[in-house]
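Have the structure open and follow along.

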Amino acid sequence: MALINLEPPEIAGCACDGYDLLDQNIEARAREVELVAIDLDGTLFTDEKTITPRTVAAIRAALGSGIHVVPATGRVLSILPAELFGVPGMEYAVGCAGACVMRLGADRAASADIHETGMESDEAADLVHKLVSRFGASVFVDVVCRGKIYTAADQLDHLDRTTLDGRTQAFVRRTRRVMPNLVDGVRALPGPIGHINLFYTDREVRFQLMAWLAKHTDYELSNSLGWNIEINAAGTSKWNGICWLAAHLGVRADRVLAIGDSANDVDMISHAWLGVAMRNAEPGIRARAQAQTAYDNNHEGVARMLEELVELKRD
């Protein structure tokens, strides 16, 4: 069958001689896919943070055809969307940008982390202390530990100053566990600390943060929302989390399709058997992919791709 919903990135629609060959290579790889790792924000989700009925149906169809479907996200268990629980056959998710792997049950209470990596609590507390001391009210800080997100009351006071819109601010306030003191609280957590997340007041502060972190630390730096910075332990990536899960499932890592739209998806897109960028991804992300979706996240790009994979399996 001719591919309609997956196409070569950047040059889609051009008349160059290599276009047909690229298209054939994408189809050949798509036929061999055994596991699909899917980013959430900007990929599976619409901009309104919803998953459409067609997308849910496409996930179920892919699972029914024998393809493992695995959310791969910066989110952790406490803020996974309800639609991901209780889907027959979808048993796992990679979370915290690869720092954890979750087993999904019928609901949140029946789900749990089965693999975790990250920083030691003292190490994370020392870094948090340096960040809040240096950047003060210009930055909001929270940390992830064992599927939950922690911050402090004084950090929430900074939230109105950040670039977050009102809806996102409300979500943050609703989903964070509040400590009296962030540094002392992080030091007392059992660890590992999955990552430290930063929101900032403006782009200039972001540049200052990135420059300071690059100069003074050896951590993995990324973002999942376009307006945050995620600080992960060295070696943390969605791809490493996916590889751990693939080995756990007995799936070859060279039969993984990975799809996403943002900076923390680059590693899995670059290493996957078939790396796919969303139509709405930034050009730099699409340039690292072997294929892109024909439709963006607001027009069911993931659903259309999964439907096509299922048809390829039937051929």
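**A guided look at the model**

In this predicted model, the second largest pocket holds about 190 Å³ of space. Its lining is made up of 13 residues, and those nearest the centre are Glu 220, Ser 222, Thr 236, Ser 237 and Asp 267. Two elements, β11 (220-222) and α10 (266-271), each give two or more residues to this lining, and β11 has the largest share, with three residues. By type, the lining of the second largest pocket divides into four nonpolar, five polar and four charged residues.

Now turn to the interior. In soluble globular proteins, nonpolar side chains tend to be buried together. Here the largest nonpolar core has 47 residues, and the members that touch the most others are Val 36, Leu 257, Leu 274 and Leu 306. Several elements give two or more residues to this core, including the helices α1 (19-31) and α3 (53-64) and the strands β2 (35-38), β13 (256-260) and β14 (274-277). The most comes from α12, which gives seven residues.

What about α12 itself? This helix is mostly covered, with ten of its 14 residues buried. Among the buried ones are Met 305, Leu 306 and Leu 309, along with Gly 301, Arg 304 and Glu 308. The length of α12 can be checked too: at 1.5 Å a residue its 14 residues should span 20 Å, and because its end C-alpha atoms are 20 Å apart, the two values agree.

Finally, some backbone details in the loops. The peptide bond from Gly 191 to Pro 192 is cis, with omega near -5°, and Pro 192 sits in the loop between α7 (182-188) and β10 (193-200).

Two residues other than glycine have a positive phi: for Lys 49 the value is near 65°, and for Cys 96 it is near 50°. Lys 49 belongs to the loop between α2 and α3, while Cys 96 is found in the loop between β4 (92-95) and β5. Are these two residues buried or exposed? Lys 49 has a relative accessible area of 37%, so it counts as partly exposed. Cys 96, at 2%, is buried, since the cut-off for buried is under 20%.

Technical notes. Residues numbered from 1 in each chain as written. Predicted model: local features only at pLDDT ≥ 70, side-chain atom pairs only at ≥ 80, totals over all residues. Heavy atoms only, no water. Core = buried A, V, L, I, M, F, W, Y, C linked by side-chain atoms within 4.5 Å. Buried < 20%, exposed > 50% of the residue type's maximum accessible area, 1.4 Å probe, protein only. Helix = DSSP H or I, 4+ residues; strand = E, 2+ residues; numbered from the N terminus. 1 Å grid on protein atoms, 1.4 Å probe; cavity = no way out; pocket = protein on both sides within 12 Å on 5 of 7 lines; lining within 4 Å. Points joined across faces, edges and corners; volume = space filled by probe spheres on them. Nonpolar A, V, L, I, M, F, W, Y, C, P; charged D, E, K, R; others polar. Expected span 1.5 Å × (residues − 1).
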